[in-house]
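Dear colleague,

Please find below the structure that I am handing over to you. A short account of the findings follows it.

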Amino acid sequence: MSLATDYELRVLESILRYQLGIEIKLDDIKARLTVVRSRKTGRIKQVLIDGKLFATIRASDGFIILSKEGWRTVRELVQSGSLPCVTVPDDVATFVADGRTLFSKHVVASDGEILPGDEVCVKSERGEVVGAGRAMLPGWEMGRTKRGKAVKTR
């Protein structure tokens, strides 16, 4: 583990820009970011912020998988664009926070541009990030359909 270099910050910003369509500058939190690299390849495996997991870089395709802490940080730092988020009632938020799958009938609102397979943030009606996962339905269909999985959470 070592502090993130300027090059690694630019790589993370580029991945977030490509994957989520947002402009973000990680320079503000540079001193808090540490990077875990693969011993064999030297590639970034994990990014930690203050010792907590911020994100994992998936080896198969190079996409970034943000943790709950990662989504909280990204929401604070986002400069332009909207994040792919799904809103749930506060009583359902406790189950999602435990890692349970989110079903479509429990979705209050969602970003209409979410596609199946996208990484999404799950937040409560109060605006707190309660989970992260992969969308199983398009955003425009979440909440309208009363059957099926909307987000498979981690």
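How many residues lie between β3 and β4 in their hairpin, and which residue in the turn has a positive phi? Two residues separate the strands, and D50 is the one with a positive phi, of about 55°.

Please note that this is a predicted model, in which local features need pLDDT of at least 70, side-chain atom pairs count only at pLDDT 80 or more, and totals for chains, interfaces and linings use all residues. Residues are numbered from 1 along each chain as its sequence is written, and side-chain values use heavy atoms, with hydrogens and water left out.

Helices (H or I, at least four residues) and strands (E, at least two) are DSSP runs, numbered from the N terminus; two strands pair if DSSP finds at least two bridges between them. Strand β3 (residues 44-49) runs antiparallel to β2 (residues 33-37), joined by five bridges, with V35 opposite V47. Their hairpin has six residues between the strands, and G42 in the turn has a positive phi of about 80°. Four bridges pair β3 with β4 (residues 52-57), also antiparallel, and L48 stands opposite L53.

There is one aromatic pair, where rings of Phe, Tyr and Trp (its six-membered ring) pair if their centres lie within 6.5 Å, and planes under 30 degrees apart count as stacked, over 60 as edge-to-face and the rest as tilted. The pair of Y18 and F63 is edge-to-face because the ring centres are 6.0 Å apart and the planes at 75°. Y18 lies in helix α1 (residues 6-20) and F63 in the loop between β4 and β5 (64-66), so the pair ties together parts 45 residues apart in sequence.

Yours sincerely
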